[in-house]
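Subject: Salt bridges in the structure

Hello,

Here is the structure for your files. My notes on its charged side chains follow below it.

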Amino acid sequence: MRDPVRIAAFASGRGSNVRAIHAALTSMEAPPGMIVLCVSNNPNPGVFDYARENGIETVRLSPKMFSDPLDYQRALMDLLSERGIELVVLAGYMRKLPPEAVRVYHNRILNIHPALLPDFGGDGMYGSHVHEAVLAADVAESGASVHLVDEEYDTGAVVAQERVPVHPDDTPEILAARVLEAEHRLFPRVVVEWAERIRSKKPE
Ligand code: GRF
């Protein structure tokens, strides 16, 4: 049996998507992938508490720590390479990855977005801003999207989506909670599928 795919999870905050993915993988008899590294741009995000409780290495890495963006990029690429990372999962990660990471991990970086891309995505469309825009647009549905990451925000190919209804009396908070539940179903399923796909291509 081939070794599980080594996954790095990037998060900026509480990390409920990381928790959902980790729970899904660790509940499997022979998981196709394992989260071996958790990276955040913030020093003490909630996700680090979960990672440490579950034996996952945590590394804080941010462009703010470097005077030269190229030094940050090098530090990030060295970290991913030294940990043998094969799949990158952005789960509530509020920064762009440097171009070198997008190039080296082409088609191996997945991001979750709390709307039905390509609508309600792009720069500035994060957190409550997304749900406020959806409610203002008076659409009947919203949902969660998992997409491949390219050099811009939320513009990579959409891999999978799950739709949820929008109710007339929804507030941004109520809609966000409904979408988050969809994220927690969708993202683990896609990460498992993607890890299986990558593992199937690994040499025995
Ligand atoms: C999620 O709504 C996700 O779609 C967005 O940021 C939020 C992160 O939540 N990118 P969590 O940190 O996974 O709980």
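Glu 82 and Arg 83 form a salt bridge, with 3.8 Å between the closest N and O atoms. The term stands for a side-chain nitrogen of Lys or Arg within 4 Å of a carboxyl oxygen of Asp or Glu. Glu 82 is exposed at 58% relative accessible area, while Arg 83 is partly exposed at 24%. Here buried means under 20% relative accessible area, exposed over 50%, and partly exposed in between (1.4 Å probe, protein chains only).

This is a predicted model, in which local features need pLDDT of at least 70 and side-chain atom pairs count only at pLDDT 80 or more, while totals for chains, interfaces and linings use all residues. Residues are numbered from 1 along each chain as its sequence is written, and side-chain values use heavy atoms, with hydrogens and water left out.

A second salt bridge joins Glu 152 to Lys 96, at 3.3 Å from N to O. The two residues lie 56 residues apart, Glu 152 in the loop between strands S6 (141-148) and S7 (158-165), and Lys 96 in the loop between strand S4 (87-90) and helix H4 (99-104). Helices (H or I, at least four residues) and strands (E, at least two) are DSSP runs, numbered from the N terminus. Glu 152 is partly exposed at 45%, as is Lys 96 at 37%.

Asp 170 pairs with Arg 178 in a salt bridge whose closest N and O atoms are 2.7 Å apart. Asp 170 is buried at 10%, and Arg 178 is buried at 18%. Elsewhere, salt bridges with shared partners connect Glu 57, Glu 82 and Arg 83 in one network.

The whole structure has ten salt bridges.

Regards
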